[in-house]
Amino acid sequence: MADKYKIIGPLYDFLSTIYSGRQIHKCKIAMNDGLKTDDKILFAGVGHGKDAIDAAEKGLKVTVVDLSATMLKNLEKNIKGKQFKHPIRLVHSDILKFDETEEYDQVVANFFLNVFPEDFMVTVMKHLTTLVKPEGSFVVGDFHYPKGNIFTRAFQNAYWYVAVFIFTVFAKNAFHKIYNYPKHMESLGLKVEKTESFNVLFVPSLWSIKAVRKQQNKPQQVDAA
Ligand SMILES: C[S@@+](CC[C@H](N)C(=O)[O-])C[C@H]1O[C@@H](n2cnc3c(N)ncnc32)[C@H](O)[C@@H]1O
């Protein structure tokens, strides 16, 4: 399959710094705290993986999955020479073919789900939640859903549409409105536990959302009379 990130991939981190200062990076690592050393964390559609490196530096067992060889090559460059308690495990795969069910304390989708059209995004989100252990968490870092007065919402929309336009042209990502991730998470049975917003020019333009996968109710044992 053609690598859609061949052209824009090498520039990805540079563009994200130009576009947000350090805000995109802060958004991506916001929920790495709160896990214990040796906990297992998965980064889906990891890209250059500065968020995964931050997690590995915190002693977590990190697995990353990405479909793009270009993106994974950049991640390998970023890892080079670094020592972690647990080496980062790199998987070159379509996330839908990655089926380590209920293996992870936390599954992270940073700026990943927005590459898909909405119906398919929900399919991918649903799949990602199956990889989370019961009581584990699922994190989405992405563009902030428009909220607030008309000027705030206009800025949030403009900020998103400039980015999605560039990625539709250069990486053939889906062109769509900003997704309401908390709503989708709740409708998949997750419980949103924490959200943190990140400002660009004083406007909340990015956010990280952490939701918990509730323990499945075990069937009640009925004692024979
Ligand atoms: C917009 S980039 C985000 C990268 C990174 N998470 C970040 O926050 O900078 C989307 C990433 O998802 C990867 N990707 C797209 N479709 C995928 C799929 N079906 N399975 C795994 N990775 C995929 C792309 O190769 C790309 O690295």
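The unreviewed UniProt entry places the feature "domain: Methyltransferase" at residues 41-136; such annotations may be inferred rather than shown by experiment. This is a predicted model, where local features need pLDDT of at least 70, side-chain atom pairs count only at pLDDT 80 or more, and totals for chains, interfaces and linings use all residues. Residues are numbered from 1 along each chain as its sequence is written, and side-chain values use heavy atoms, with hydrogens and water left out.

**Annotated spans**
- Residues 41-136 are 33% helix and 27% strand (DSSP runs: helices H or I of at least four residues, strands E of at least two), with end C-alpha atoms 10 Å apart.

**Around the ligand**
- The ligand is surrounded by 18 residues (a heavy atom within 4 Å), and the closest are Y12, K28, G45, D66 and N110.
- This shell comprises 10 nonpolar, five polar and three charged residues, with Gly counted as polar and Tyr as nonpolar.

**Polar contacts (N or O atoms within 3.5 Å)**
- The side chain of D66 has an N or O atom 2.6 Å from a ligand oxygen.
- D94 places a polar side-chain atom 3.1 Å from a ligand nitrogen.
- I95 uses a backbone N or O atom, 2.9 Å from a ligand nitrogen.
- The protein buries 94% of the 590 Å² that the ligand exposes when taken alone (Shrake-Rupley method, 1.4 Å probe).

Methods: Polar contact = N/O pair within 3.5 Å; in protein donor to acceptor, adjacent residues only side chain to side chain.
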